[in-house]
Amino acid sequence: MEDCLGGPKISASPNSGSNSSSSITATHSTGSSLRPWLIFAGCCLLSFVGYGLIVNTPGLYYAVLSKELEVSRTQIALTSTIMNLAGAATMLFAGKLMKRVDSRLLLSICILACALIFFGQSFFTQLWQFYISFALIGIAYVIPITLAPSVLLSNWFEKQLGLVMGIALGLSGLGGMVFNPVVSTWITDLGWRPAYRLTALLLAVCILPFSIFVLRFMPRAAKGEHMYGSAFASEQTGDVSASNDSKSQDANSITGIEAKKAYRTPTFLLLIACYVLLQWATGMVQHVSGYEQSRGLTLQEGAFVVSGIMLGAAIGKASIGIFLDRVKTELVLVLYSAVGLAGWALMMFFVTPTPAAIAGFLAGLGQGVLLVALPWVARQSFGQRDYAEILSILTMSGVLSVALANTINGTIFDMAGSYMPSLIANVICYVLALISAIAAYRLRPLHE
């Protein structure tokens, strides 16, 4: 698949003079400076539409599918567990796969598969069909939605990495805020089957154009592509008479720690603990709508609270990225962890829609630690060299955790008739994760 957005190929005769040479360099410079921002735009769509629909809305179907299929909430919640377990297994090789397969082809196949599966779910009549389909979604979604945005942005941005990661990943929360009320309205007004079909259509129409034509794994020096803010890009946009050798960026020269060495460091083990703890807390998000309904709110009011979480997540992830580039890391971790902890604690006491949504907003702010700060800390700790492989294993541990949390939280509700123990566990998770995150950063193998 040829790069449709690459700069035009310009050839010059030996006698064309220095003006032609400068023209060629300027053409490559324009293309190389634009490409990182096209990658950024594509990652924004992956987070906003992909994460917003695939990850943030399944919980809205729990109540209606439980009634439709005449099964318990635990049995329905198991679909998300199966999806996450399949995703965790895929993460074992996802990082290596991204390095070896054209990312545009790989991401497009995965998105198309998710869209087709959602469309197929609109015809299902048995619980086992949902189990199989969510296992397939788990295999397909983790590479483009969970892994790709962080990896692609890390490969294309040297400067402002925290900012672009925060904005792009923050849009996952905004997508959840937008699509939760939209999907709940589809379910209420049209039925759950049309809701699945509309979800499939949105995924295909919004993401495939970018995944097919834009989302390349890393810059190609031969075509004048370089990381934003790198020395190579500076030379390219500055001194046009610089030699080709000074502007070449060989993949083998990328600095960082090998994955097999990173896995043996205390920082990696502490980051594993952070992912497990914070993803466990995230597992409760799928049950928030049901939690609010159990306290007397309607489906739409429950979705409103979930939207509060998503809005908080969007703002939290965008703002934490800005702070990570400018403020002491430990201070950022403490601030956002404390806010997230407070949100889950207050959710135990606020029982009307608006206060509950405010508590959800605070809980969402805390998600910036998981989805932006931890990948950022991993990048600062181990470098770019094997970042995709390292992040895939870290993410796998978190996916396994949220898979268990989804089912266990459903089981807690079925046994106790309340989600209160799950909310208490979330508060404890934030405290332990904060301690682990600060220790991981202070023990990082690479220092400025």
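What share of the 448 residues in the protein chain is buried? Buried residues make up 56% of them. Buried means under 20% relative accessible area, exposed means over 50%, and partly exposed lies in between (1.4 Å probe, protein chains only).

## Model and conventions

This is a predicted model, in which local features need pLDDT of at least 70, side-chain atom pairs count only at pLDDT 80 or more, and totals for chains, interfaces and linings use all residues. Residues are numbered from 1 along each chain as its sequence is written, and side-chain values use heavy atoms, with hydrogens and water left out.

## Confidence

pLDDT is the predictor's confidence in each residue, from 0 to 100. Its mean over the protein chain is 81. Of the residues, 87% reach 70 or more. Helix α4 (residues 103-121) has the highest confidence, at a mean of 93. Helix α8 (residues 231-237) has the lowest, at 49.

Two stretches call for care. Over residues 1-31, pLDDT stays under 50, and the model has 33 contacts there beyond four places in sequence. Over residues 233-252, pLDDT also stays under 50, with 30 such contacts. Contact means heavy atoms within 4.5 Å. Where pLDDT is low, the predicted coordinates should not be read in detail.

## Fold

The protein chain has 16 helices and 0 strands. Both are DSSP runs, numbered from the N terminus: helices are H or I with at least four residues, strands are E with at least two. Consider contacts between residues at least 6 apart in sequence: 84% of them join residues at least 24 apart.

## Nonpolar core

A nonpolar core is a set of buried Ala, Val, Leu, Ile, Met, Phe, Trp, Tyr and Cys residues joined through side-chain atoms within 4.5 Å. The largest one here has 130 residues. Those with the most contacts inside it are I54, M98, Y141, L152, L153, L203 and W344. Helix α5 (residues 127-156) gives the largest share of this core, 16 residues.

Take Y141. Setting aside residues up to four places away in sequence, Y141 touches I54, V55, M83, N84, C114 and T146.

## Cavities

A search of the whole structure finds 4 cavities of 30 Å³ or more. Of the 30 residues that line it, Y51, V55, T146, Q279 and L371 are the closest to its centre. A cavity is a set of points, on a 1 Å grid over the protein atoms alone, where a 1.4 Å probe fits but cannot get out; lining residues have an atom within 4 Å of a point. Grid points are joined across faces, edges and corners, and a volume is the space filled by probe spheres set on the points.

Helix α15 (residues 387-416) supplies the largest share of the lining of the largest cavity, 5 residues. By class, this lining has 15 nonpolar, 14 polar and 1 charged residues. Ala, Val, Leu, Ile, Met, Phe, Trp, Tyr, Cys and Pro count as nonpolar, Asp, Glu, Lys and Arg as charged, and the others, Gly among them, as polar.

G87 is found in helix α3 (residues 73-100). G87 is buried, with a relative accessible area of 0%. Beyond its neighbours within four places in sequence, G87 is in contact with G138, I139, V142 and V399. G87 and A135 are 48 residues apart in sequence, yet 7.8 Å apart C-alpha to C-alpha.

Y131 sits in helix α5. Its relative accessible area is 19%, so Y131 counts as buried. Leaving aside neighbours within four places in sequence, Y131 is in contact with Q75, L78, T79 and I82.

## Other sites

T329 is in helix α13 (residues 329-346). T329 counts as buried, at 4% relative accessibility. T329 touches L324, W376, V377 and Y441, not counting residues up to four places away in sequence. A425 belongs to helix α16 (residues 420-442). At 24% relative accessibility, A425 is partly exposed. The C-alpha atoms of A425 and M284, 141 residues apart along the chain, lie 9.9 Å from each other.

E70 is in the loop between α2 (62-69) and α3. E70 counts as exposed, at 73% relative accessibility. E70 is not a glycine, but has a positive phi of about 60°. Most residues other than glycine have a negative phi.

Conventions:
On a 1 Å grid over the protein atoms alone, a cavity is a set of points where a 1.4 Å probe fits but cannot get out, and a pocket is an open set with protein on both sides within 12 Å along at least five of seven lines; lining residues have an atom within 4 Å of a point.
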